[in-house]
Amino acid sequence: MSEILEVHAFDYQPGQIPVLLELPHGGHLTPNEVKSYLHPKFTPGDRREDSDEFSDELYLDLPAAPHILRFMVWRAHADPNRPCDDLEPDGSVKTLTSQGIKIYQSDRGLPNRVRQQVIDRYIRPHRRRLE
């Protein structure tokens with residue numbers, strides 16, 4: 001029996017100084033909505049290659065204690081720095097990694113309904129918190 005965990009769009013840690021550090025590409029969670037569409041040859045290594053895997057280690061223990069906003073989803077699935085209507089292969093909801101590796105079974109990526117769910121459930125809440 002596999003456990004389905006709820007994926008949260010972001011993690012916010014209040015800081016002590018008036019600086020916000022955003023970590024948009026260090027997430028490590030896969031939205032449940034996309035799991036059944038993943039290409040069978042898309043590997044955990046492919047996800048890591050498309051992320052800033054060590055951003056947590058580099059920035060979470062800074063002595064200055066800035067406010068920190070971390071996007072929790074793998075960049076291979078959603079990029080909060082891209083416009084929501086960017087439907088390019090390396091857009092807000094990707095079809096290819098930055099290295100050109102196919103993420104989903106279909107060449108078009110996710111069905112439009114699922115793509116919109118990813119935008120609405122993960123990218124938009126992160127952006128609202130950033131504002």
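Q: How many aromatic pairs does the structure hold?

A: This is a predicted model, and it holds 0 aromatic pairs.

Q: Which residue lies over the face of Tyr-12?

A: A ring can be read by what sits over its face. Here Arg-129 lies over the face of Tyr-12, at 3.9 Å from the ring centre.

Q: How many helices and strands make up the secondary structure, and how do the elements run from the N terminus?

A: There are 3 helices and 3 strands. Starting at the N terminus, their order is β-β-α-α-β-α.

Q: What does the radius of gyration say about the protein?

A: The general idea is to set the value beside that of a compact globule. For 131 residues such a globule would have a radius of gyration near 14 Å, and the 15 Å of this protein agrees with that. Along the principal axes, the C-alpha atoms fill a box of roughly 45 × 35 × 25 Å.

Q: What share of the residues is buried?

A: Of the 131 residues in the protein, 42% are buried.

Q: What share of the contacts with a separation of 6 or more joins residues 24 or more positions apart?

A: Such residues account for 76% of those contacts.

Q: Which residues of the largest nonpolar core touch the most other members?

A: In soluble globular proteins, nonpolar side chains tend to be buried together. In this structure the largest nonpolar core has 19 residues, and Leu-110, Val-118, Tyr-122 and Ile-123 touch the most other members. The helix α3 gives this core its largest share, 5 residues.

Q: What does Val-118 touch, not counting residues up to four places away in sequence?

A: Val-118 touches Val-34, His-77, Ala-78, Val-93, Leu-110 and Ile-123. Two of these partners, Leu-110 and Ile-123, are also among the core residues named above.

Q: Where is Ser-92 found, and is Ser-92 buried or exposed?

A: Ser-92 is in the loop that runs between β3 (67-71) and α3 (112-130). Its relative accessible area is 1%, and because buried means under 20%, Ser-92 counts as buried.

Q: What else is Ser-92 in contact with, leaving aside its neighbours within four places in sequence?

A: Besides Pro-83 and Cys-84, the contacts of Ser-92 include His-77, Ala-78, Asp-79, Arg-82 and Asp-86. Ile-119 and Ile-123 are also in contact with Ser-92.

How values were computed. Residues are numbered from 1 along each chain as its sequence is written. This is a predicted model: local features need pLDDT of at least 70, side-chain atom pairs count only at pLDDT 80 or more; totals for chains, interfaces and linings use all residues. Side-chain values use heavy atoms; hydrogens and water are left out. Helices (H or I, at least four residues) and strands (E, at least two) are DSSP runs, numbered from the N terminus. Buried means under 20% relative accessible area, exposed over 50%, partly exposed in between (1.4 Å probe, protein chains only). Contact means heavy atoms within 4.5 Å. Rings of Phe, Tyr and Trp (its six-membered ring) pair if their centres lie within 6.5 Å; planes under 30 degrees apart count as stacked, over 60 as edge-to-face and the rest as tilted. A charge sits over a ring if NZ of Lys or CZ of Arg is within 6 Å of the ring centre and within 35 degrees of the ring normal. A nonpolar core is a set of buried Ala, Val, Leu, Ile, Met, Phe, Trp, Tyr and Cys residues joined through side-chain atoms within 4.5 Å. The radius of gyration is taken over C-alpha atoms; the globule rule is 2.2 Å times the number of residues to the power 0.38.
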